[in-house]
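Morning, everyone. Let me put the model up, and then we'll go through charges, rings and backbone.

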Amino acid sequence: MLLATASFLVFKTFLPKRIFDEGSSLTENVVIDSLLLEAVANAEKEDIKDTLGNKKIDFVSFEGVKFPSETFKIYKGNQYLVSFFEKLFQLEKNPTKKVRIAYFGDSMTDGDMIVKDFRTYLQEKFGGEGVGFVNITSESASSRNSITHEFSSNWKAYSYLKTKHPVSPFGVNGYLFFANDTLRDPWVKFRATKTRFASELGNPTLFFGKSKNKNGKIYQVVGVDTIYKKLKPINKLNTLSLSSNGQKSMRVNFTEADSIPLYGFNFDNGKGIHVDNFSSRGNSGLPLSMFDVDLMKQFQEQLHYDLIVLHYGTNVLNYGSYNYSWYEKRMNKVVAHLKECFPGVSILVISTADKSTKYEMDMKTDSAVVPLMLAQKKYAIKSESAFVNLYTLMGGDGSMVSWVDEEPARANKDYTHFNFRGAKDVANMIFNQINDGFEKYKKIRPVKKPLKKIIKKDSAKAVNDSVVYEE
C-alpha cells in the first residue's frame, strides 16, 4: 500500500489535469454534424475582434414599445420578442387564435425532454392541445412519452447532420424520408398518451414534398374498411389532412410512394399555442444554414411560426477550445438565414447548460462552458435575438455537480444531461423568463383607443350613407 501510494504521488505530477480527455470522446453512437467538424478545423484561421465587451445595450422602439437598456452581463433581449409577445397578447384576448413555436435543439431535447414540459406550461396558460410536428421515424421514439411513435423498418432517412446534398430539400425538421416499399408497404403508427393537453391526435396532417410519382397513396384500416387517399406531390410542399374525430391512435400505411419525399405529421387542435420539437443528437445548430429558403417559406405559410428557439451547446463543448469566436460568427449567419426563411419570426437563443468534467480528482465546471456561453450571448445580441442564460439560471459554476449529487437527482451521471425531473425544472426556468418578459410587455404596450363609428350622410341619397371609423 505504501509503495502504491508513493508511486501514485510520483506519477501524479506527470498526469494531465483532465483525467478523461473530452476532446476525443466521440464514439460510433454519437452523431456530430459535418459543418461543426469543418468549422472546428478552420477555427484557428479565424480572427474576430470583440466589439461588444461590456457595453450598454440600447434598443430601438418597435411598434411603440421599447424595453429598458441592458448591460451585457444581464442581457435578455426582450425587445426582440415584441412581435411574439403581441401574438401572445392577442391569443390571451381571443383563445381561438393560434401561436406556434419551433424549438430546435440537440440531445438535451431528445425524446421531447424539456420541450414537453415547456409546451405544457405554455398550453396551461394560453390554451392549445397537441404535440405538434412529429417525424416519420425517430431515433428517440422509444424514449418519448408525450406520444407513442412506432414505424416499420423499411424507411430511408436523411439528416442535415450527415447529408450535404440531398435529392430533395430537407424539411423544417431537418430530415427527409423515403418509403422503401419494394417488398412490403412501410407504415407509421402514433398513439396519444396521458400527457396533459396531448390526450388526442388532433387534426393529423401529413407533410410531403414534390415528386414525379403520381401513383403514391396512403391507406388506413378502419374497422373492416380500408380507406385509401392519393398523394399529390405537385408543389414543393404539400399537405394531406386525415380525419381525426378525437381519435387516440392511428396507423398510416404507404404504398407506391417510394420516390415521394416525406417529412412528418402534425398534430394540434387548431387554436392556442403549439410547440414543435426539432431535436437532433449531435447538432451544433450550424446545419440550420442548409434550409432551402423557398421550402421554408412554404412551411411558414402552413404552420405560421411566431418564435424560433435555438437550444444548442452540448456538442460544441467537446473540442477543448476556449475560443468560440468562430461559432459566434457562424451562428450569427444561421440566425440571418432563419430570418430569411421565416420572415417576421422572433428568435430566442438558449445557452449551454453547465457541464462538469473531472479535473485531477474533482468534478468541476468544464473550462469551456463559460467561454461558449459568452459566445452564444454575443451572437444573440449581434443577431438581435433574445437570450436565456441557462448556465446562470441553474446555478452557475459547479451547479451540474449539485444537480447530479442532490437527492433526488436532477441530472444524469454523465454530468451533462438532465433527467426528467431536471428537464421539467429547466422548462420552468425558460417559461418563467418568457412569461416575465410578456408581463412586462403588457405594462409598456401602448393602449390603443377603440375606434369610433361615424355615419356620414349623403345629402343626395340616404341609401349611399357610408360608415367610417376614426380614433
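One term before we start: buried means under 20% relative accessible area, exposed means over 50%, and partly exposed lies in between, with a 1.4 Å probe and protein chains only. Now the ground rules. This is a predicted model, where local features need pLDDT of at least 70, side-chain atom pairs count only at pLDDT 80 or more, and totals for chains, interfaces and linings use all residues. Residues are numbered from 1 along each chain as its sequence is written, and side-chain values use heavy atoms, with hydrogens and water left out.

Let's take the rings. Rings of Phe, Tyr and Trp (its six-membered ring) pair if their centres lie within 6.5 Å; planes under 30 degrees apart are stacked, over 60 edge-to-face, and the rest tilted. The structure holds 28 aromatic pairs. Take phenylalanine 85 and phenylalanine 438. Their ring centres are 6.2 Å apart and their planes meet at 45°, so this pair is tilted. Where do the two residues lie? Phenylalanine 85 is in helix α3 (residues 82-93) and phenylalanine 438 in helix α10 (residues 420-444), so the pair ties together parts 353 residues apart in sequence. A word on those labels: helices (H or I, at least four residues) and strands (E, at least two) are DSSP runs, numbered from the N terminus. Phenylalanine 85 is buried, at 0% relative accessible area. Phenylalanine 438 is buried too, with a value of 0%.

Next, tyrosine 175 and phenylalanine 177. Here the centres are 5.9 Å apart and the planes at 10°, so the pair is stacked. Both tyrosine 175 and phenylalanine 177 are buried. There is also a cluster. Ring pairs link Phe104, Phe133, Tyr160, Phe170, Phe207, Tyr263, Phe278, Phe291 and Phe299.

On to charges. A salt bridge here is a side-chain nitrogen of Lys or Arg within 4 Å of a carboxyl oxygen of Asp or Glu. By that rule the count comes to 20. Look at arginine 100 and aspartate 276. They form a salt bridge, with the closest N and O atoms 2.9 Å apart. Arginine 100 sits in strand β1 (residues 98-105) and aspartate 276 in strand β13 (residues 272-279), so the pair ties together parts that are 176 residues apart in sequence. Are these two residues buried or exposed? Arginine 100 counts as buried at 1% relative accessibility, and aspartate 276 counts as buried at 0%.

Compare arginine 191 and glutamate 150. Their side chains meet in a salt bridge at 4.0 Å, N to O. Arginine 191 belongs to strand β6 (residues 187-192) and glutamate 150 to strand β3 (residues 147-151); the pair links distant parts of the chain, 41 residues apart. Arginine 191 is partly exposed, at 36% relative accessible area. Glutamate 150 is partly exposed as well, at 34%.

A further salt bridge joins arginine 410 to glutamate 406, with the closest N and O atoms 2.3 Å apart. Arginine 410 counts as buried at 19% relative accessibility. Glutamate 406 counts as partly exposed at 27%. And one network: salt bridges link Glu92, Lys125, Glu439 and Lys442.

Now the backbone. Most residues other than glycine have a negative phi, and most peptide bonds are trans. Which residues does a cis peptide bond join? Glutamate 407 and proline 408, with omega about -5°. Proline 408 is in the loop between α9 (399-405) and α10. In the loop between α9 and α10 you also find tyrosine 415. Tyrosine 415 has a positive phi of about 55°, although it is not a glycine. At 13% relative accessibility, tyrosine 415 counts as buried.

Isoleucine 114 is not a glycine either, and has a positive phi of about 70°. Its place is in the loop between β1 and α4 (115-126). Isoleucine 114 counts as buried, at 0% relative accessibility.

Please keep the model up while we discuss.
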